[in-house]
Amino acid sequence: LLKVLGQHTIHHGYVAAREGCIQLKIGVIWFVSFQKSLSRGAIAVECGVVAAFVGAYMLRRYIQKKRYVERVRRWYGTKKRACLQKYKNLVYKVSQTSLFLAVILPHILYVILVLATQYVAPSVVGYFATKTYFTTAISLWYPLAKTIFLVHRWTVFVSKEASGKKRDKDAPGKIAGKKSFFTTYSYSKSKRSISNVSGPSKKLNSAQASATTAKSKLGEKWLRAAGKTTTKY
């Protein structure tokens with residue numbers, strides 16, 4: 001049986017290889033004749049396209065070898081963190097004078113930036129406002145996209161909460177958490193912002209956290225004292 005299978009396999013393999021060589025020969029002959037029928041301009045365009053693909057591949061390999069993309073990302077992240085830190089320090093200094101002014105400081109800076117752009121380049125602002133879809137994008141599509149992303153996050157959170165409650169029902173010894181989506185989202189956002197802050201702002205946040213911890217401990221002591229008084233009487 002193995003001998004018969006081997007003979008048929010070798011025979012069919014030989015036939016397939018022979019047919020493949022014939023087809024390859026026909027294809028090469030057709031390609032050479034087609035290239036001879038082209039003009040010099042068309043051949044130059046083909047050579048240019050091939051050279052562009054080869055050059056793009058070599059450039060990609062060179063960029064990956066020198067790690068230019070990682071360097072640019074690292075440089076951008078460093079500059080971004082430095083700018084955010086300067087802005088947070090500015091907000092902290094303003095908050096020492098007026099907390100209300102510190103809250104509305106981003107809006108003031110935005111208005112100043114818009115007025116300065118309008119004063120420096122009014123024609124550019126008019127072109128983007130009347131001749132392009134920029135106004136529609138920032139007034140309609142961007143808020144709509146942010147709303148859709150928020151609803152998607154809320155839906156994912158609700159599904160996770162539902163699955164968690166179902167697991168807690170299966171395991172009676174566990175108690176499901178009762179944090180809402182917005183509480184969890186705001187807590188995670190504030191946690192990320194606190195982790196990225198250093199200097200005076202970090203001291204302010206740590207002081208607020210210490211005060212909150214002290215209040216919670218005081219509340220626990222009061223509850224224990226109230227419980228002891230109730231038990232006594």
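Ground rules. This is a predicted model, where local features need pLDDT of at least 70 and side-chain atom pairs count only at pLDDT 80 or more, while totals for chains, interfaces and linings use all residues. Numbering starts from 1 along each chain as its sequence is written, and side-chain values use heavy atoms, with hydrogens and water left out.

Fold. The chain has eight helices and zero strands. Helices here are DSSP runs of H or I, at least four residues; strands are runs of E, at least two; both are numbered from the N terminus. Read from the N terminus, the order is α-α-α-α-α-α-α-α.

Surface. The accessible surface of the chain is about 20,700 Å², and carbon and sulfur atoms hold 69% of that. Areas come from Shrake-Rupley with a 1.4 Å probe; for residues, only the protein chains shown count as cover. Of the 233 residues in the chain, 6% are buried. Buried means under 20% relative accessible area, exposed over 50%, partly exposed in between, with a 1.4 Å probe and protein chains only.

Contacts. Take those with a separation of 6 or more: 38% join residues 24 or more positions apart. A contact is heavy atoms within 4.5 Å.

Now patches. Members need over 30% relative accessible area and no salt bridge; like charges are joined within 9 Å, nonpolar side chains (Val, Leu, Ile, Met, Phe, Trp, Tyr) within 5 Å. A salt bridge puts a side-chain nitrogen of Lys or Arg within 4 Å of a carboxyl oxygen of Asp or Glu.

The nonpolar one covers about 610 Å². Leu-24 sits in helix 1, residues 2-37. Leu-24 counts as exposed because its relative accessibility is 58%.

The positive one is built from Arg-60, Arg-61, Lys-65, Lys-66, Arg-67, Arg-71 and Arg-74. Helix 2 (40-66) and helix 3 (68-97) are the elements giving two or more residues. Which helix gives the largest share of the positive patch? Helix 2, with four residues. Lys and Arg count as positive, Asp and Glu as negative; His and chain ends are not counted. Charges are placed at NZ of Lys, CZ of Arg, CG of Asp or CD of Glu.

Lys-65 is in helix 2. Lys-65 has 67% relative accessibility, so it counts as exposed. Arg-67 is in the loop between helix 2 and helix 3. Arg-67 is not a glycine, yet its phi is positive, about 60°. At 46% relative accessibility, Arg-67 is partly exposed.

Last stop: Gln-35, in helix 1. Is Gln-35 buried or exposed? Buried, because its relative accessible area is 17%. Leaving out residues up to four places away in sequence, Gln-35 touches Ile-43 and Glu-46.
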